[in-house]
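Please look at the structure below before reading the points.

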Amino acid sequence: MSEQTLKSGPTSMGGAKSAQDLSSVFVDKGAPIPETYGETKIALLPRDPHWMYTYWEVTDQTIQEIKRLYGEDIFYSSQSTLRMVQISDDLKPVKTIDVTIALDAKNWYLNAEEEGSSWYVELGLKAADGRFILIAKSNLITLPMARVSNSIDEKWVSIKDELERVLEASGGGKVGMGSLELARILTQRWLTLNQQISSWKGSSGMSSFGVGALELLGIKERGFRLVADCDLILYGATESTATVTVAGRPVELSPDGTFSLQFSLPDGTLDLPVKAISGDRVEERSIHISVERKSQYQP
Amino acid sequence: MNPKGYWCLVLHAHLPYIRHPEHEHFLEEDWFFEALTECYLPILDFSERLLHEKIHFRFTIDLSPTLTSMMCDPLLQSRYLRHLNKLIELTEKEVWRTQNSPQFHTVAKMYENRLKRCRELFEKYQNNVAMGFKYLQDAGVIEITTCCATHGFLPLMLDKKAQAAQVRVGVSHYKEVFGRKPEGIWLAECAYTKGVDEILKDEGIRYFFLDSHGILFGNPRPKYGVFAPVITPSGVAAFARDMESAQQVWSAEKGYPGDYSYREFYRDIGYDLEYNYVKPYLHPDGIRRNLGLKYHRITGKVPLENKEPYNPDLAREAAAEHAGNFVFNRVHQIEHLHSMLGKEPIVVSMYDAELFGHWWYEGPQFLDYIFRKIAYDQNVFQAITPSEYLKKHTHHQVTQPCNSSWGDKGYYEVWLNGTNDWIYRHIHKITEKMIILSEMNSNGSLSHLEYRALNQMAREVLLAQASDWAFLMTAGTAPHYSEKRTRDHIHRFLTLEGEFLGHSLNEEFVKECEHRDNIFPNIDYKVFSNKG
């Protein structure tokens with residue numbers, strides 16, 4: 001929509017030109033502020049139905065304390081990790097996802113498959129023996145929904161057809177866009193975003209870099225259940241000056257030339273031609289990866 | 001005859017608090033002056049006329065506490081008068097300069113008349129435009145809602161007490177200015193997260209606004225879509241935006257503001273005329289900028305130099321025609337909805353107030369015509385305010401709204417992305433410190449200076465929380481200024497806090513901060529704790 005362009009209006013009065021003009025004359029970026037606050041802490045914020053943002057600070061004191069408890073080389077022998085913990089409505093953990101990070105990055109964007117889900121994150125070290133050493137635990141957040149709710153209030157159960165029509169009209173039959181369609185578009189946008197090659201970066205790397213094993217905790221409800229799913233992680237490395245495309249789409253490289261992408265993997269075949277062109281555009285290498293997923297369900 | 005439905009126009013009028021007494025001229029203060037001249041005063045002007053002509057009209061306007069504070073501020077008032085008088089002086093010269101070219105002369109005369117009308121209105125309300133809107137509200141024709149104190153973006157705050165402080169200060173400021181409590185609130189950027197409605201309930205607010213998907217994606221599904229308010233679990237009503245009427249105005253392609261007869265925003269005499277002629281009206285740095293006098297119409301998809309002269313009569317006809325089309329579409333929309341829903345729908349059209357007049361110069365005329373046409377040309381629907389609607393209709397569906405905003409993509413990304421995410425660790429930290437200070441100092445054994453310092457810290461936190469800074473960083477329109485403001489308020493807070501805790505408060509510094517960041521003179525820092 002053009003909305004944001006228009007919305008920037010009142011705050012950009014005077015036009016972009018004036019801002020540039022001003023910058024060439026005098027730039028006041030404000031008073032100094034601290035980089036750290038001397039407190040070991042991690043915070044989590046929702047960005048949209050599928051993404052959240054986390055930032056953290058770990059003090060020297062905490063680092064010394066961990067070294068004292070777990071050994072001087074613990075930060076070398078273990079993996080700095082963000083453990084995403086999804087919880088249910090009754091606050092029980094549903095699953096955890098470990099994301100390998102660099103402690104110095106101090107912030108990260110994290111992807112969540114399920115919109116409307118609730119999460120907190122734990123910042124910690126994953127030791128070689130699998131132990132998780134907790135450094136800090138974040139606040140709890142719930143991501144927004146991205147589609148029309150399946151829940152229909154009992155009082156209204158008889159009006160389903162009518163509801164469809166109401167939803168269809170809630171937004172613009174006359175400009176060719178009913179709200180159901182609008183709702184679909186909004187939903188689609190997030191589904192697409194979720195499946196797309198993700199180029200979102202934390203301040204120092206792919207946000208989904210190194211997503212580890214998906215760990216399903218027992219879901220204790222009545223009956224016996226089995227839930228299993230899988231995603232595809234594609235990773236690689238080349239020269240940092242090279243241009244890389246995966247399935248024809250450009251991929252952003254980390255400063256060290258590595259890249260990593262996560263795809264949802266539905267049943268069927270997924271072709272992922274990976275192509276790298278050297279910085280001087282003289283050399284070209286490609287690898288064609290083809291993946292087939294076949295799920296068989298037995299009662 | 002009873003109407004078949006209702007149309008609820010909501011204008012969101014907001015600017016960040018920009019006031020720099022330390023500089024004689026400050027570029028960003030112009031945003032406020034331009035908005036007064038082009039938007040707020042023209043809206044006030046046509047509303048007064050409708051009222052005096054006894055034409056039924058209703059709209060809801062959110063005057064954000066930062067904007068209202070600027071309207072009430074004597075320094076900015078006197079600076080606006082200085083700005084306006086210079087502009088009037090320039091239009092007088094323009095009337096003389098254009099006397100031999102009739103097309104431009106008409107336009108110059110139009111500017112002269114309109115600017116003088118602005119001055120007249122401004123002085124009529126003793127230089128305080130907020131009092132003009134108060135007059136309309138007291139007359140029962142418009143409804144003014146409040147907003148978060150400094151347009152703080154509530155879903156990105158970690159502590160509910162911080163969200164509550166934004167709402168509480170917005171409410172108490174409203175009472176001071178408008179002499180009654182607010183019925184409704186505009187959440188900054190319509191940004192909602194579960195639980196905010198509980199705060200609104202505690203502050204006695206009866207309704208707020210959401211973007212369409214805020215209700216459409218609610219749980220359970222809303223029976224009437226966006227055409228009836230829902231009641232949140234805490235008992236506050238939420239109205240949602242109608243997309244059809246939004247797009248008619250907003251859409252860059254099909255929207256009304258792109259009509260070829262309308263005034264072209266980007267051809268301005270600040271750039272077009274001889275430098276020495278315009279120089280006295282530019283800022284002291286002498287850099288060419290828009291002065292607000294524009295003589296050309298959009299014309300078509302042609303380069304700026306091929307724009308044709310502006311014709312105020314043609315533009316007025318276009319505004320009337322668009323208003324007719326808008327009303328016609330509402331008639332059909334509302335008749336259709338009425339037959340489908342079996343009850344009177346409410347169609348809520350929400351826009352930034354600054355669209356009308358600044359970007360779309362003829363916007364206020366368009367609104368004026370809409371109300372006249374609603375009153376005279378049809379009897380299918382009526383303009384209404386949310387409060388009036390809630391009085392007429394008491395039975396509503398209970399739904400938990402969806403966390404959302406009205407920004408690009410519908411959620412929080414505009415205010416949380418790679419350009420601005422760095423601010424949150426600082427803002428969260430000073431907010432947390434403020435909450436602790438407020439709770440630790442709840443039973444006043446403080447010196448007068450300590451008390452002032454705590455109140456000033458509360459102001460600095462609120463100003464740092466303004467969503468505008470993050471927005472401007474994303475938009476890239478004023479990145480240095482928005483960074484400066486974020487840093488300055490954090491710095492002032494931390495300095496005051498350090499001195500407060502170290503019992504080494506420097507009165508001069510407290511005074512300096514009070515002088516610069518003088519918003520909310522009657523704030524009580526205890527709004528940051530539950531005892532506030």
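1. A crossing is called left-handed if the near helix is turned anticlockwise from the far one by less than a right angle, and right-handed if clockwise. Helices are DSSP runs (H or I, at least four residues), numbered from the N terminus. Helix 1 of chain B passes helix 3 of chain B in a right-handed crossing.

2. This is a predicted model: local features need pLDDT of at least 70, side-chain atom pairs count only at pLDDT 80 or more, and totals for chains, interfaces and linings use all residues. Residues are numbered from 1 along each chain as its sequence is written, while chains are lettered from A and ligands numbered from 1 in the order in which they are written.

3. Helix 1 (residues 29-52) and helix 3 (residues 74-97) of chain B pack at an angle of about 70°, their axes 10 Å apart. Axes are lines fitted to C-alpha atoms, for helices over the stretch in contact, and angles run from 0 to 180 degrees between N-to-C directions. The two helices of chain B are therefore roughly perpendicular (65 to 115 degrees).

4. Residues are in contact if their C-beta atoms, placed from the backbone, lie within 7 Å. Helix 1 of chain B contributes B:Glu29, B:Phe32, B:Phe33, B:Leu36 and B:Thr37, and helix 3 of chain B contributes B:Leu76, B:Arg79, B:Tyr80, B:His83 and B:Leu84.

5. Chain B has domain 1 (5-77 + 129-255 + 344-409) and domain 2 (416-528), with bounds from an automatic or database domain assignment. Their C-alpha centres lie 27 Å apart. In chain B, 26 residues of domain 1 are in contact with 23 residues of domain 2.

Terms used
Parallel < 35°, antiparallel > 145°, perpendicular 65-115°, else oblique. Contact = placed C-beta atoms within 7 Å.
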